[in-house]
2 protein chains.
Amino acid sequence: MSTWFEDLREGTVTELGSYIFTVESIKEFAAKFDPQPFHLDEEAARSSLFGALCASGWQTASVYTGMNIRSRLAREAAARARGEEIARWGPSPGFKDLKWPRPVFAGDEVTYRQSIAALTDFRNRPERGLLVTLGEGFNQNGELVFQVTGQILVPRRTPLPAA
Amino acid sequence: MSTWFEDLREGTVTELGSYIFTVESIKEFAAKFDPQPFHLDEEAARSSLFGALCASGWQTASVYTGMNIRSRLAREAAARARGEEIARWGPSPGFKDLKWPRPVFAGDEVTYRQSIAALTDFRNRPERGLLVTLGEGFNQNGELVFQVTGQILVPRRTPLPAA
């Protein structure tokens, strides 16, 4: 796939890969960034709202980001190998609607994917278009555990005409 | 401050503390979760959109989360020391409008704060209210570099009457 705005298609789904949330990875992330008892200690987690050790929502989001970026870098490398010029994506006007509909428990395997939700003109930046993505993570039972709407500016081969 | 919904007040601002984004912390986070060249390599960053090594937005968000949680745990510990019953906060219906208006460069010191943006009834959970927070981070020049709207359910001492 090319890295330019004109070549993106609404509805395209990219499978990003899977990640197993081990007890160790959950506790390591939580100790730094989200030291709530149910992310740090099995015993405390049992008597919490969640009932068992579960991952920080910011860990499930950060793992998604890692996979998303590695997927993009791989597409760029493939395009470069074909001799194409690479469009430099960014910056991001921000993310929206970050949700964790179900907990991610220790041992859960989360499979992530990203869809192109919308492709929008960005009138004050005619040389770029706005790519809106829907990121999702599903556990091994197919249940949605993570969702986020992303936005990033992507270079156009041909700038929009002045309005 | 008590940990119950009835005792929260719109507009209350909590200072969460400051964090210096070292080169090492930026590269360590990026290598795991956001391996874009401008988060990993000074040379590559110079020719990027940002012009210098800068932190992943998910690192600035994760550092905010760590400070936010530690601040809440300290309030809980203080309430416990006064012999009060502790309200168990959660879960979160999700975050909104995650934005990074300016890059956080290596060496920047970001000072975080959180304000109570709204306190709302949550009719399908009468025993809890919805706390809406605005989280912000400012660099050493007072410029906004991070912003997020958080939501979390907080127990009421007295459940709402049935509608």
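This is a predicted model: local features need pLDDT of at least 70, side-chain atom pairs count only at pLDDT 80 or more; totals for chains, interfaces and linings use all residues.
Visitor: What makes you say that the copies meet through the same surface?

Guide: Of the interface residues of chain B, 100% are also interface residues in chain A, so the copies meet through the same surface.

Visitor: How many residues are in contact between the chains?

Guide: Contact here means C-beta atoms within 7 Å. By that test, 24 residues of chain B are in contact with 25 residues of chain A. On chain B's side, α1 (23-33), α4 (57-81) and β2 (96-99) each supply at least two residues. The largest share, eight residues, comes from α4(B). By kind, the residues on that side are 11 nonpolar, six polar and seven charged.

Visitor: B:Leu73 lies in helix α4 of chain B. Why is B:Leu73 called partly exposed?

Guide: Count the other C-beta atoms within 10 Å. A residue with 20 or more is buried, one with 12 or fewer is exposed, and anything in between is partly exposed. B:Leu73 has 13, so it is partly exposed.

Visitor: What is the strand order of the open sheet in chain B?

Guide: The five strands run β1-β3-β4-β5-β2, with antiparallel pairing.

Visitor: Why are β1 (13-20) and β2 of chain B called edge strands?

Guide: Strands pair if DSSP finds at least two bridges between them. β1 and β2 of chain B each pair on one side only, so they are the edge strands. Neighbouring strands of the sheet are turned by 25 degrees against each other on average, direction ignored.

Visitor: How do you know that β3 and β4 of chain B pair?

Guide: The cut-off is at least two bridges. Strand β3 (residues 109-121) and strand β4 (residues 128-138) of chain B have 10, in the antiparallel sense. The pair therefore passes the test. B:Arg113 stands opposite B:Glu136 in β4(B).

Visitor: Which residues touch the most other members of the largest nonpolar core?

Guide: That core has 52 residues. A:Ala61, A:Tyr64, A:Val110, B:Ala61, B:Tyr64 and B:Val110 touch the most other members. Leaving aside neighbours within four places in sequence, the contacts of A:Val110 include A:Tyr19, A:Phe21, A:Val104 and A:Phe138.

Visitor: Where is the cis peptide bond in chain A?

Guide: It joins A:Gly90 and A:Pro91, with omega about -10 degrees. A:Pro91 is in the loop between α4 (57-81) and β2 (96-99) of chain A. In chain B, the bond from B:Gly90 to B:Pro91 is cis, with omega near -10 degrees. B:Pro91 lies in the loop between α4 and β2 of chain B.

Visitor: What is the phi of A:Asp97?

Guide: A:Asp97 has a positive phi of about 50 degrees, although it is not a glycine. Its place is in strand β2 of chain A. With 14 other C-beta atoms within 10 Å, A:Asp97 is partly exposed. B:Asp97 has a phi near 50 degrees, and lies in strand β2 of chain B.

Note on methods
Residues are numbered from 1 along each chain as its sequence is written. Chains are lettered from A and ligands numbered from 1 in the order in which they are written. Two residues are in contact if their C-beta atoms, placed from the backbone, lie within 7 Å. Helices (H or I, at least four residues) and strands (E, at least two) are DSSP runs, numbered from the N terminus. Ala, Val, Leu, Ile, Met, Phe, Trp, Tyr, Cys and Pro count as nonpolar, Asp, Glu, Lys and Arg as charged, and the others, Gly among them, as polar. Axes are lines fitted to C-alpha atoms, for helices over the stretch in contact, and angles run from 0 to 180 degrees between N-to-C directions. A nonpolar core is a set of buried Ala, Val, Leu, Ile, Met, Phe, Trp, Tyr and Cys residues joined through C-beta atoms within 7 Å.
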